[in-house]
Amino acid sequence: MLSGIFLIPRQVYAAMSVASAADIAAGRHLAFSRKAGNCIACHQIKGAVMAGDIAQPLQPPFPDRNRLFAQIWDARQNYGSNTIMPPYGANHLLTRKQIHQIMDFLYSLK
Ligand code: HEC
């Protein structure tokens with residue numbers, strides 16, 4: 001039987017310490033829920049049923065954390081005032097923490 005010290009590769013450990021499983025699960029729920037982020041109204045995401053295809057599927061590679069945050073906080077920062085993506089942060093639809101949880105979920109997608 002294995003016991004004692006397990007060596008965890010440094011990148012894996014770093015990834016685990018940044019995004020917890022609980023944050024990823026919360027982010028998935030927010031992205032899929034019709035009462036919360038409802039990203040799947042417009043975007044396909046792996047594992048989503050009956051997702052819309054108004055915008056591109058959300059799949060890797062994703063933009064860097066700053067650009068992704070800006071996109072969800074207020075897509076007008078990246079795409080100007082004609083975007084139809086709701087300004088989730090600017091309009092208080094999602095909190096900063098919830099946006100980070102959605103990002104943690106998206107970055108966990110393979
Ligand atoms: C009403 C439709 C709609 C909803 C709902 C929506 N989006 Fe979008 N999204 C878009 C459109 C359209 C684009 C194309 C770029 C643009 O116009 O902003 C986009 C682009 C994106 C991009 C690509 C940005 C880039 O620069 O590569 C990401 C990531 C994204 N959305 C994430 C999300 C997340 C996360 C949610 C849920 C919190 C969400 N979207 C909800 C319409 C939507």
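This is a predicted model: local features need pLDDT of at least 70, side-chain atom pairs count only at pLDDT 80 or more; totals for chains, interfaces and linings use all residues.

Biologist: Which helix gives the largest share of the shell around the ligand?

Modeller: In total, 25 residues surround the ligand, with G37, C39, C42, A55 and T83 the closest. Helices α3 and α4 (76-79) each supply at least two residues of that shell. The largest share, 4 residues, comes from α3.

Biologist: Of the nonpolar, polar and charged residues in the shell around the ligand, how many are nonpolar?

Modeller: The shell around the ligand includes 1 charged residue and 6 polar ones. The nonpolar residues in it number 18.

Biologist: How are α3 and α5 oriented to each other?

Modeller: Helix α3 spans residues 65-73 and helix α5 spans residues 96-108, and their axes lie 10 Å apart. They pack at an angle of about 125°. Angles of 65 to 115 degrees count as roughly perpendicular and those over 145 as roughly antiparallel. The two helices, α3 and α5, are therefore oblique.

Biologist: Which residues in α5 does α3 meet?

Modeller: From α3, the residues taking part are R65, L68, F69, I72 and W73. The residues of this contact of α3 with α5 divide into 7 nonpolar, no polar and 1 charged. On the α5 side, they meet I99, I102 and M103.

Biologist: And what percentage of the protein's residues count as buried?

Modeller: The protein has 5 helices and 0 strands. Among its contacts between residues at least 6 apart in sequence, 42% join residues at least 24 apart. Of its 110 residues, the share that counts as buried is 18%.

Technical notes:
Residues are numbered from 1 along each chain as its sequence is written. Axes are lines fitted to C-alpha atoms, for helices over the stretch in contact, and angles run from 0 to 180 degrees between N-to-C directions. Angles under 35 degrees count as roughly parallel, over 145 as roughly antiparallel, 65 to 115 as roughly perpendicular and the rest as oblique. Two residues are in contact if their C-beta atoms, placed from the backbone, lie within 7 Å. Ala, Val, Leu, Ile, Met, Phe, Trp, Tyr, Cys and Pro count as nonpolar, Asp, Glu, Lys and Arg as charged, and the others, Gly among them, as polar. A residue is near a molecule or strand if its C-beta atom, placed from the backbone, lies within 6 Å of it. A residue is buried if 20 or more other C-beta atoms lie within 10 Å of its own, exposed if 12 or fewer, and partly exposed in between; C-beta atoms are placed from the backbone.
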